[in-house]
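Trainee: I'd like to learn how to read contacts, interfaces and charge pairs in a model. Can we go through one together?

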Amino acid sequence: MTELLSLRGISKVYPSVVANDNVNLDIDEGEIHAILGENGAGKSTLMKLIYGVSQPDNGTIQWRGQTVTIKNPAHARSLGIGMVFQHFSLFETLTVAENISLAVNGSIASLSKRITDVADSFGLPIAPDTMVHSLSVGERQRVEIVRCILQEPRLLIMDEPTSVLPPQGVDLLFATLRKLAQGGCSILYISHKLEEIRSLCDNATVLRDGKVVATVTPTEETTQSLARLMIGRDIPVTRQQTASSDGRVMLDVNQLSHTPEDPFGTSISDASLSVAAGEIVGIAGISGNGQNELMRLISGESLLHSSGSGTVSINGSKVNRLSPEQRRQLGFAFVPEERIGRGAVPDLSLGFNSLLTSHNAGLTRFGFIRFAAMAERAQQCIKDNDVRCGGDNALAGSLSGGNLQKFIVGREMALAPQVLVLSQPTWGVDVGAAADIRQALIELRNKGTAILLVSEEIEELFEVCDRLHVIYEGKLSESLRTAETNVQQVGQWMSGQFLSSPRADGLQHFDNQKAAGDSQSPAQSPSPRIAP
Amino acid sequence: MLDLLVFVLAGTLAAATPLIFAAMGELVVEKSGVLNLSIEGMMATGAATGFVMAKVSGSAIVGFASAALASALLSLVFALLTVGFLANQVAAGLAVGILGLGVSVLIGKNYEGTTISPIEKIDLGALSELPLLGKVIFAQDPMVYVSIASVIAITYLLKRTKLGLIIRAVGESPDAANSIGYPVVLVRTCAIMFGGAMAGIGGAHLTLSYTPLWAEGLVAGRGWIVVALVVFGTWQAPRIAIGAYLFGAVSLIELFVQGQGFAIPSQLMSAMPYIITIVVLAIISRNPRVVRLNHPASLGIPYLRNE
């Protein structure tokens, strides 16, 4: 029997990096095959080669026994290769049916019927005439999957599909994929999540630094052995220590309601949270549920409209009308989600990038830049955080995503902030560096910084947070102590369950008293409260 | 009074026609994600080419066809710069626009100041004799009706056809369009050439019907109004057409007011159509939701295929 797809000696070299080096890969019909590797291991490059987005420099691709050159994505689709992207390839201003009609032949009316049929048979509810911009990321993924299914592919490539799903959404996705595989469609499943691969996949090819290091049967491996294959060593464990908060509330968000300028954005309604000195509070939730809007209000990048209400306070002073710069002068620091353009300026050197937020830390005199001090500060940050780069004169844009993130987080930590807010600080950062960042956060907390951490990775939140909130459609749940809850419950809350029965489970909620107190005196500036 | 109304309404349709042709073309270009600021130059090239060719051949159809061809060729230069070499679209648009103005002067050099008999208005007998309506609706030149048909056709194209979906998809996210297998460069190049041809026809309507003569600088900023119409009309063909008719109406009222000898500086009066059109459109396009839904997200951003 010949394989459905067979890669031999595939190499792809980019100017700065060898993305794939002599990769061999075989996929049988109906097989669910995992490609496992860290960010930057070459998984995405390999998928682009298979999907015809780019061409290999060396090696051959055999499709159903024939050697083929996959010229472009259209060619790949005509061969029967479909792909669901990590960053979706849907058009926001078109309806679901219009989007699908761009990839599948047929009139909108006949497609709408087929979409509903396929969606029903796989248990993936979709309304064909909905505009895509109004869908959540999970729903968009369903649209992409249905679009692929309608093309009747023989091979479906899934790129990190679970990163946009709540835990129970993962089960539904896996059921869909297994059903597809039973129907004879092979699935190439890209992930760095070991548990998922063990529960779903028949075989796994492990990539490291562009090379295949092993092809294994995941069910015969342990999470630890897979991790060792993937990163070449054991996953570093974060040393958790108990919080030692003195209870001074450093960051307080009180009944915040806000409708963003962007009509596709999420409105924040009645969000309250507080972070005391020496504690880490997390916000869990699927992206696109208002995290971005809430972070912009806290950082000062967006100001409350006249139609909005509520207060944001930093270190006891109300900051609603203050600019980001003024908030920073109160001891506030912020690491935004986007590194390029928001966290750092790609065309400036690391030195100037450190100047951006640290200019008050002795880097200027009489309005002039002290270049020696600036260079020294950047070099210190590079050294302290093990940033791999060409020194403080390297352009920020020349660093890999993970290294730039280490620099940005390090830059903000070096300010010794009293309040540090981070959005997705370890997204796209390799496992080792992510663990370093988490460790640094815990150490900063132990020195008394109040930290607010937004993350889509539940495991990360459980690893470092003392308490966590869940955000869903712009509404913030009350906080749960991480020691007293579990991934299951937070997962359910991530799809909005806290709205219907917020206190049905009998867990202790830190915010009960706070909510009651605030509703009586919403205008008062927040007074220090006793934290656990 | 009725005469005045007929004068303004009938004139409005004629005055708006060049703008509508050019704006429908530019709408398709911008929907595909390309900002072409060279409309003024392309209209001028079309105006000169159409005039000269109609004069030489004696056929208005030859005039319009060669105007469309000449401006489409000029827009190909723009396409080569922006889609081919990924040049900045604003800078390339300005440069090609200036080039087009120069080309128009060159083409029309020997015809400067000459006139031509305008294309005939249709005559539907009794219908055209109807009071008010007859003159306004049933006694225009054929291109006026073609321009109205083009508004309907472009609306239908963009909203209801597969080709329209592809153009909008390319304009919103060229990367995503490429990833599902659409040729972004080809779609954009075709859109730009269509836009050029439409601007050429619009220009030719100026010299073959509206003011049947050739003079340098005759387009007089209409190309820029077209760019504004498309943006402030929030990329919707019917709104753009309304803007064009508003511009036409105010131009006509201005002529009338000047004729009556009111003591208003003529420079101010000449500026009125531009000012009023921009202000009115700016006010009706304030809804951010409408803008967001219709604005081509990748407008003005060069597209480099991700290898």
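Mentor: Let's start with a term: two residues are in contact when they have heavy atoms within 4.5 Å of each other. Keep in mind that this is a predicted model.

Trainee: Fine. With which residues is I231(A) in contact, leaving aside its neighbours within four places in sequence?

Mentor: Those are E38(A), R208(A) and V431(A). I231(A) itself sits in helix α8 of chain A.

Trainee: Is I231(A) buried or exposed?

Mentor: The cut-off for buried is under 20% relative accessible area. I231(A) has 12%, so it counts as buried. For a sense of distance, its C-alpha atom is separated by 31 Å from that of P73(A), a residue 158 places away along the chain.

Trainee: Now domains. How is chain A divided?

Mentor: Domain 1 covers 5–231, domain 2 is made of 249–331 + 417–520, and domain 3 covers 339–398. The centres of domain 1 and domain 2 of chain A, taken over C-alpha atoms, lie 33 Å apart. Their contact takes 15 residues from domain 1 and 16 residues from domain 2.

Trainee: And how do I put a size on an interface?

Mentor: The usual way is to give the accessible area that is lost when the parts come together. Here, domain 1 and domain 2 of chain A bury about 1,100 Å² between them, with 62% of that on carbon and sulfur atoms.

Trainee: Which elements give two or more residues to the domain 1 side?

Mentor: They are α6 (167–182) and α8 (223–231) of chain A. By residue class, that side of domain 1 divides into seven nonpolar, six polar and two charged.

Trainee: How many salt bridges are counted between these two domains?

Mentor: Zero salt bridges between domain 1 and domain 2 of chain A.

Trainee: Let's go to the two chains. How many residues of chain B are in contact with chain A?

Mentor: There are 22 residues of chain B in contact with 31 residues of chain A. Chain B and chain A bury about 2,200 Å² between them, 56% of it on carbon and sulfur atoms.

Trainee: Which residues of chain B lose the most area to chain A?

Mentor: E172(B), I180(B) and R292(B), which together make up 29% of what the chain B side buries. R292(B) also forms a salt bridge with E92(A), the closest N and O atoms being 3.4 Å apart. The count between chain B and chain A is one salt bridge, and there are seven residue pairs in polar contact across the interface, both at pLDDT 80 or more.

Trainee: Which helices of chain B supply at least two residues to that side?

Mentor: α8 (162–172), α9 (174–179) and α14 (288–294) of chain B. Of these, α8(B) gives the most, with six residues. The chain B side that touches chain A splits into nine nonpolar, five polar and eight charged residues.

Trainee: What is the general idea behind a salt bridge?

Mentor: Side chains of opposite charge can pair when their charged atoms come close. Over all chains, the count comes to 18 salt bridges.

Trainee: Which residue of chain A forms a salt bridge with E92(A)?

Mentor: That's R140(A), with the closest N and O atoms 3.1 Å apart. R140(A) is in helix α5 of chain A, while E92(A) is in the loop between β6 (81–84) and α3 (96–101), and 48 residues separate them. At 14% relative accessibility R140(A) counts as buried, whereas E92(A), at 23%, counts as partly exposed.

Trainee: Can you show me another pair?

Mentor: Take E463(A) and R438(A), whose side chains meet in a salt bridge at 3.8 Å, N to O. E463(A) lies in helix α15 (residues 458–464) and R438(A) in helix α14 (residues 431–446) of chain A, 25 residues apart. E463(A) is partly exposed at 26% relative accessibility, and R438(A) is buried at 14%.

Trainee: Which residues do salt bridges with shared partners join into one network?

Mentor: R296(A), E301(A), E338(A) and R342(A) are joined that way.

Conventions:
Residues numbered from 1 in each chain as written. Chains lettered and ligands numbered in written order. Predicted model: local features only at pLDDT ≥ 70, side-chain atom pairs only at ≥ 80, totals over all residues. Heavy atoms only, no water. Domains from an automatic or database assignment. Buried area = accessible area lost by both parts, 1.4 Å probe. Salt bridge = Lys/Arg side-chain N within 4 Å of Asp/Glu carboxyl O. Helix = DSSP H or I, 4+ residues; strand = E, 2+ residues; numbered from the N terminus. Nonpolar A, V, L, I, M, F, W, Y, C, P; charged D, E, K, R; others polar. Polar contact = N/O pair within 3.5 Å; in protein donor to acceptor, adjacent residues only side chain to side chain. Buried < 20%, exposed > 50% of the residue type's maximum accessible area, 1.4 Å probe, protein only.
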